[in-house]
Amino acid sequence: MTLSVPALRARSARPRRRRPLGLALAAAFLLAVAVAGAAAPLLAPHSPDTTDLLGSLAPPGTAGHLLGTDSSGRDVLSRLLYGARLSLLAPLGVVALSTLLGTAIGLLAARCGGWADAALSRAMDVVFAFPSLLLAMLAVAVFGPGLAAPVCALAVGYTPFVGRVVRSMALQEGARPYLEAYRVMGFGEPWVTLRHLLPNVAPVLAAQSALSFGYALVDLASLSYLGLGVRPPAADWGQMIAEAQGAILQGAPWSALVPGAAVLLTVGCVNAVGGHIGAAIGRTRKEGP
Amino acid sequence: MTALAIEGLGLTVGAGAVPLLDGVGVRVGAGETVGLVGESGSGKSLTARSALGMLPRGARATGRVTVAGTDVLAAGRRELRELRRTRVSMVFQDPRAAVNPVRRVGDYLTEGLRARGVPARAATERALDLLAQVGLRDPRGALRRYPHEFSGGMLQRVVIAGALATEPALLLADEPTTALDVTTQAEVVGLLKELQKAHGTGMLFVTHDLDLAAAICDRVYVMYAGRIVEEAPGAALFGAPAHPYTRALLEASPSVRGERAAVKAVRGRPRSLAEAPGGCAFRDRCPLAGDDCARAVPGTRRHGASLAACLRAGEEPR
Amino acid sequence: MTGPGTTGPEKTGPVLSVRGLVKRFGDVTAVDGVGFDLLPGASLGLVGESGSGKTTTARIVAGLERATAGTVELAGAPAGGRSRRDRLRRARHLQMIFQDPYGSFDPRRTVAQSIAEPIALHAPGPAAARHARVRELLDQVGLSARAGDSLPRDLSGGQRQRAAIARALGVAPRVLILDEAVAALDVSVQAQILTLLDALRRDTGIAYLFVGHDLAVVRHITDEVLVMRRGRVVERGGTERVLREPRHPYTRLLLDSVPVPGWDLERVARDRRALDGLPDDPDVPDSPSPDGDPTC
């Protein structure tokens with residue numbers, strides 16, 4: 001037997017009242033990064049591509065260059081702001097594509113069952129076994145440099161993560177009788193799946209997406225670092241780190257540290273927010289009869 | 001000797017001191033079968049668990065719970081562990097949830113004995129003996145098998161064997177047959193009664209099924225909203241229910257035998273103590289309720305063979 | 001809304017007719033040659049323990065499982081089809097109430113929204129008319145408008161089961177499958193739902209196929225009963241007759257297993273031995289009411 005209802009409420013209400021400060025900070029930081037990227041032309045003190053070889057490797061705090069300049073004399077702050085655009089948009093593309101693909105495959109596998117499930121699950125296992133970064137490098141080798149190829153390749157690489165989560169959630173949710181109730185009411189399988197099953201799976205999907213976003217950002221930054229992502233002079237954070245390698249040896253670490261810190265903080269915050277969404281779902285889902 | 005004595009047990013939980021139980025008194029003598037009957041929210045399981053010292057997290061208890069001479073509420077961690085290991089056992093509703101699915105049945109049965117320092121060989125012998133007692137056809141083979149290889153009824157027998165391994169003074173059976181088929185229920189209940197008689201164990205049988213409790217128990221306590229509302233000998237409960245709630249329960253359940261009578265629905269739904277009205281908790285659903293029922297929680301009074309907490313015990317409606 | 005098929009020649013015939021139903025899961029035969037007729041306004045019980053095939057039978061009738069062999073007819077026409085048309089026709093004739101009233105609702109939708117959905121599918125019309133119909137249905141099962149605006153998790157078990165009944169009634173079906181529909185409820189609440197089901201059958205002439213293990217409840221709600229064991233029907237007849245003078249040893253065992261004052265556990269053991277001594281296939285011919293019991 002269970003405890004009485006008010007007892008459970010009294011217990012579950014307590015953790016919700018405490019609002020985690022870290023979470024609010026993380027969300028605020030992400031919002032700030034997004035705004036900074038969107039409003040880069042307004043906020044950036046300089047053009048991100050203007051070189052000034054005389055003023056190269058100026059330390060942070062130099063007049064006019066708050067975060068200093070890199071080895072080509074470009075303003076680090078401006079490049080950071082402009083870089084935020086690609087650094088955020090490209091992983092967003094990866095997440096959107098992989099979520100779409102993974103959801104479709106996961107739902108199909110869970111709802112069709114039988115050989116369709118077996119085939120889709122094996123296919124996902126194969127992709128799963130292949131490092132997505134390698135996949136992305138392969139794509140660049142075949143289709144040439146640029147962002148489109150690695151974004152698509154990473155999306156394919158991430159699909160099994162999403163697909164597996166969706167499949168297992170759909171199976172778990174599908175065992176509940178309300179989906180059968182809708183079938184008895186005469187609703188077709190696609191309608192039941194998309195209109196009732198998917199929304200009940202969506203919160204978990206959101207948490208999973210937030211986590212993949214962090215991975216995608218790091219993977220894309222790694223690609224850029226290897227010179228396989230964004231084509232110069234356009235910049236994202238990964239490429240900024242790559243270009244700053246020489247500067248580190250010249251005793252000017254800031255041009256690498258600043259974008260590095262940006263990557264680190266953004267990924268950390270995304271993971272924190274994603275994790276919280278997941279935990280919050282766990283709580284609401286437990287509230288049952 | 002008394003196997004279990006609960007006196008004036010009150011339980012509140014959380015910062016708001018949400019009440020769960022109020023003034024609950026239950027006594028189980030050695031070798032006696034006592035039923036604890038109630039609907040959801042009545043607190044019957046909480047009451048049974050208090051005998052193991054298993055209270056909800058953050059709960060504050062008042063009153064006394066004594067098991068075979070040990071004061072459970074005052075006992076320390078070590079004492080509680082000792083108590084659970086040797087003097088009280090529990091059989092749960094779902095045997096599959098009560099047994100570790102990846103351990104063999106033999107491990108499950110000997111674990112407790114080994115922890116008490118019984119040598120391996122002797123523990124195995126004892127397990128074999130117990131399995132034979134609960135009616136498994138091939139005890140030696142059963143020791144090597146895994147829980148999933150048993151049906152629900154057979155597994156519940158294994159759990160009962162485990163519960164009796166330490167010759168406890170008190171057996172807590174929390175809806176032990178609810179998850180089983182009717183014919184299996186009859187077997188398991190028969191087995192429980194038989195073993196209990198043979199070992200002189202006191203049994204507290206917790207159930208939502210009034211008929212089942214009345215059929216097998218020497219005495220039955222009926223709980224509603226965290227309080228005991230009636231105590232009566234099992235047989236008397238059917239003949240002359242004293243409390244309007246007991247009567248309502250009986251009239252609400254259809255019956256297999258006798259004339260086919262209409263069921264009489266009780267209005268509203270069962271309450272927990274926190275939701276219940278002041279005074280008599282049943283008064284908002286009771287056909288006999290009057291203004292005086294709101295004044296205070298009615299005291300216990302004798303009516304026929306029963307003790308009922310009602311101002312109008314035994315009165316006919318209207 | 002009027003029920004489909006309330007006109008026409010099939011009105012007098014059985015509203016649900018099942019013949020020679022077989023269902024195999026791999027090597028296991030879950031249902032083995034089950035057949036019965038359900039007349040309009042009648043109530044038929046499928047009784048048995050777990051593994052008896054009663055639930056599988058009901059699920060096949062509801063279109064949730066495909067039969068290995070056999071036929072299901074609703075109002076005189078085959079009802080096993082998978083096409084959209086077949087699905088919609090089946091749903092208009094037949095609805096189902098599940099054991100778990102909480103699980104049978106989409107947790108994200110209010111009860112009123114859930115009740116409105118099948119109406120929108122089967123009788124598309126202006127939203128205002130639909131709302132009115134939902135209110136009417138809520139009223140019919142004894143739920144307030146406020147309960148309708150609640151999420152399933154904010155209702156009690158009894159209220160949820162009322163809501164499930166309202167949802168099923170929305171399409172004015174002629175058959176309602178009740179799959180252990182009151183088994184999860186507290187006794188005092190169970191009586192309310194039983195009373196509601198009694199009244200509905202009396203007022204609307206809907207027929208029930210009641211799947212259950214609780215003989216007392218089955219006795220209360222059905223006129224006729226099929227006792228199932230290991231996929232087969234071992235006894236059938238009028239409910240009162242079967243419970244008063246059970247003919248099959250298994251029915252006797254089921255009956256004696258019901259706890260009563262002065263419960264004779266010895267007798268249960270005797271029944272079991274009698275059953276064990278029996279050859280395994282004591283079958284009953286596959287035709288409704290062979291012993292001439294009136295159907296209703």
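**View 1. The annotated span of chain B.** The UniProt annotation "domain: ABC transporter", taken from an unreviewed entry, covers residues 4-250 of chain B; UniProt positions follow the numbering used here, feature names are shortened, and annotations may be inferred rather than shown by experiment. The model is predicted: local features need pLDDT of at least 70 and side-chain atom pairs count only at pLDDT 80 or more, whereas totals for chains, interfaces and linings use all residues. Residues are numbered from 1 along each chain as its sequence is written, and chains are lettered from A and ligands numbered from 1 in the order in which they are written. The end C-alpha atoms of residues 4-250 of chain B lie 28 Å apart, and this span is 41% helix and 27% strand (DSSP runs numbered from the N terminus: helices H or I of at least four residues, strands E of at least two).

**View 2. The two domains of chain B.** Domain 1 comprises 2-87 + 168-308 and domain 2 comprises 98-165 of chain B, with bounds from an automatic or database domain assignment. Their centres, taken over C-alpha atoms, are separated by 29 Å.

**View 3. The contact between the domains of chain B.** Twelve residues of domain 1 of chain B are in contact with 13 residues of domain 2 of chain B (C-beta atoms, placed from the backbone, within 7 Å). Helix H8 (residues 182-199) of chain B supplies seven residues, the largest share of the domain 1 side.

View 4. Strands E1 (residues 16-25) and E2 (residues 28-38) of chain C run antiparallel and are joined by eight bridges (pairing requires at least two DSSP bridges). C:Ser17 stands opposite C:Asp37 in E2(C). Two residues lie between E1(C) and E2(C) in the hairpin, and C:Gly26 in the turn has a positive phi of about 60 degrees.

Terms used. Contact = placed C-beta atoms within 7 Å.
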